Amino acid sequence: MGIKSFEGPRKGQTQVDETSLKVKDYMTRDLITFRPTQNVEEVVETLIKYKISGGPVVNENNELIGIISEGDCIKQISESRYYNTPTQDSQVENHMVKNVETIDGNLNIFDAANKFLSAKRRRFPIIEDGKLVGQISQKDILKAAMQLKGHNWKP
């Protein structure tokens, strides 16, 4: 049996149990959501007003059906200008990403961080019982890491 650490834990520091660091404890629950029938211009105004880069699209039952981002809106505006078509007739459902990857709220934040790196996403929605309950962003992961600063992360 080899020696894991000859120093042991530092004085004044507590060990942090990774299994207790769940995504659901750090996710945002108060979300700005969009409807599929909303106009893309309304989405752009909301993104600017709340300084966000995108958001989930939900139906009347609060079930996730897509995500719309700044990039989706820019693409629509660019195509609208190119083809000289009005933007006020453009609905979110025609420009949102429909195949949305979600993340489990019980996943620990370190596994979530790895998922962000491998998937190259800025946010992941969290679904429980078919309903949107929250969203975790890269910034939420960073906030969690800063709260744990100074702790030993592995027991």
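The side chain of Asn 108 reaches the backbone nitrogen of Phe 110 at 2.8 Å. The structure is a predicted model, in which local features need pLDDT of at least 70, side-chain atom pairs count only at pLDDT 80 or more, and totals for chains, interfaces and linings use all residues. Residues are numbered from 1 along each chain as its sequence is written, and side-chain values use heavy atoms, with hydrogens and water left out.

Asn 108 sits in the loop between α2 and α3 (109-119). Its relative accessible area is 13%, so Asn 108 is buried. Buried means under 20% relative accessible area, exposed means over 50%, and partly exposed lies in between (1.4 Å probe, protein chains only). Helices (H or I, at least four residues) and strands (E, at least two) are DSSP runs, numbered from the N terminus.

Helix α1 spans residues 40-50, and Val 40, Val 43, Thr 46 and Leu 47 are buried in it. These residues lie on the same side of α1, because they cover an arc of only 115° around the axis. The arc is that of the directions from the helix axis to the C-beta atoms. An α-helix has 3.6 residues a turn, so residues three or four places apart point the same way. Glu 45, Ile 48 and Lys 49 are exposed on the face of α1 turned away from its buried side. The N-terminal end of α1 is capped by Asn 39, with a side-chain oxygen 2.6 Å from the backbone nitrogen of Glu 41. Just after α1, Lys 51 has a positive phi of about 55°.

One aromatic pair is counted. Its members are Phe 116 and Phe 124, with ring centres 4.9 Å apart and planes at 55°, so the pair is tilted. Rings of Phe, Tyr and Trp (its six-membered ring) pair if their centres lie within 6.5 Å; planes under 30 degrees apart count as stacked, over 60 as edge-to-face and the rest as tilted. Phe 116 is buried, at a relative accessible area of 5%. Phe 124 is also buried, at 0%.

The largest pocket holds about 480 Å³ of space. Of its 17 lining residues, Ile 52, Ser 53, Arg 123, Gln 135 and Ser 137 lie nearest its centre. A pocket is an open set of points on a 1 Å grid over the protein atoms alone, where a 1.4 Å probe fits, with protein on both sides within 12 Å along at least five of seven lines; lining residues have an atom within 4 Å of a point. β1 (54-58), β4 (131-137) and α4 (138-147) each supply at least two lining residues. The largest share, 4 residues, comes from α4.

The second largest pocket has a volume of about 240 Å³. It is lined by 13 residues, and Ile 67, Val 97, Arg 121, Arg 122 and Arg 123 lie nearest its centre. Here β3 (123-128) and β2 (64-69) each supply at least two residues.

Definitions and conventions
A polar contact is a pair of N or O atoms within 3.5 Å; within protein, one must be able to donate a hydrogen and the other to accept it, and residues adjacent in sequence count only if both atoms are side-chain atoms. Grid points are joined across faces, edges and corners, and a volume is the space filled by probe spheres set on the points.
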